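Visitor: I have a model open and want to talk through its side-chain packing. Can we go through it piece by piece?

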Amino acid sequence: MPVQPRRGGASQPSLISRLARKFAGRRAPEAALDHLQLDLPLFGSSTPSTPPVMPLAPLPPETPRTAGGPRTRTLQLGARSLEYKLKRSARRTIGFSIDGSGLSVTAPRWVTLTDVETAIAEKQKWIFTKLAEWKNRVEQRALPRIIWEDGASLPFLGKPILIRLESNSGTLEFDAASATLAIGLPAHAEAEQIKDRVQGWLQTEAKRLFVERLDLYAVRLEVNYSSCALSSAATRWGSCSSDGKIRLNWRLIHFPLPIIDYVVAHELSHLREMNHGPRFWETVETVFPEFREARQTLRQHPPELLPIL
């Protein structure tokens, strides 16, 4: 942890250093705060540099905890007020977790409340950044749902397609030239019928295309996969087991083909390197050199932010 400057030029040891001295001679505390563990749900694991520490306001009274739940507290950080849930455990580090419900802090039972809130203050820049990201995600997730009716639109392979109930043949047919999916249902069809028909078509197309691309990239990588199945995972685009079973999120069908190819190449590369080390990424790059751009696209469009079907 970087040393924080005092006003006037003298340096102030970080919280970690102060606690190490404070609890010298006690075995558990010496190991407990050698670092601050940051849990970043869905956002990666990088930690920004430690921001300047804002002076802590006097500790406010605790909000009564809900039955069986962690305590909820409010901390004043300069002009900003921060609510967080505090849970005590037998863990050896202070953990920060941020999700749609806000900030949760899990701390060892022996760490004082003042030390917990000093740690929060030291990481406030990271905390407020991640809280803002979650707020943005919630707002995006609240976008209007698809209205399942004649004339509805949704993305397919990176481009919008139009849904029409009536079809010339009376059955489901897709016209690529006009980007129109005619599903062959009567004008009075229920929304659930329309949704089921369209989703069934999307999943069929996904399975067909995924197998086609897997076969192509398996040859290029000189590997063999044993099976391919569709997934509906909320936070994962694909997975690969050591015995060659590959699962791909069917919602990838919304993206352009190069994005699908990246996920396919990524999962097949695990059959040569069952990890995410340098050799793994070198393997991916041999068959998909543009993997960095594709990876960034997927990070910006996680499964839970796709159209609500």
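Visitor: F288, buried or exposed?
Guide: In this predicted model, F288 has a relative accessibility of 6%. The cut-off for buried is under 20%, so F288 counts as buried.

Visitor: Which ring does F288 pair with?
Guide: Y262. The two centres are 6.1 Å apart and the planes make an angle of 45°, a tilted pair.

Visitor: Where do Y262 and F288 sit in the chain?
Guide: Y262 is in helix α6, residues 257-269. F288 is in the loop between α7 (278-287) and α8 (291-300). They are 26 residues apart, and the pair links distant parts of the chain.

Visitor: And Y262, buried or exposed?
Guide: Buried, at 5% relative accessibility.

Visitor: What else is Y262 in contact with, leaving aside neighbours within four places in sequence?
Guide: Besides F288, the list has W281, V284, F291, A294, R295 and L298.

Visitor: Which residues have the most contacts inside the largest nonpolar core?
Guide: Y262 again, together with I163, I194, V198 and L268. That core has 49 residues.

Visitor: Which elements give two or more residues to it?
Guide: Strands β8, β9 (159-164) and β14 (245-249), plus helices α5, α6, α7 and α8. The most comes from α5, with eleven residues.

Visitor: What about another core?
Guide: One of 22 residues lies apart from it, with F96, L103, I120 and I127 among its members.

Visitor: Back to rings. How many aromatic pairs are there?
Guide: Seven in the structure. One of them is F156 with W201, where the centres are 4.8 Å apart. The planes are at 45°, so this pair is tilted.

Visitor: New topic, charges over rings. What sits over Y217?
Guide: The charged end of R220, 4.9 Å from the ring centre.

Visitor: And over the face of W250?
Guide: R251, at 5.3 Å from the centre of the ring.

How values were computed: Residues numbered from 1 in each chain as written. Predicted model: local features only at pLDDT ≥ 70, side-chain atom pairs only at ≥ 80, totals over all residues. Heavy atoms only, no water. Phe/Tyr/Trp six-rings, centres within 6.5 Å; stacked < 30°, edge-to-face > 60°. Helix = DSSP H or I, 4+ residues; strand = E, 2+ residues; numbered from the N terminus. Buried < 20%, exposed > 50% of the residue type's maximum accessible area, 1.4 Å probe, protein only. Lys NZ or Arg CZ within 6 Å of the ring centre and 35° of its normal. Core = buried A, V, L, I, M, F, W, Y, C linked by side-chain atoms within 4.5 Å. Contact = heavy atoms within 4.5 Å.
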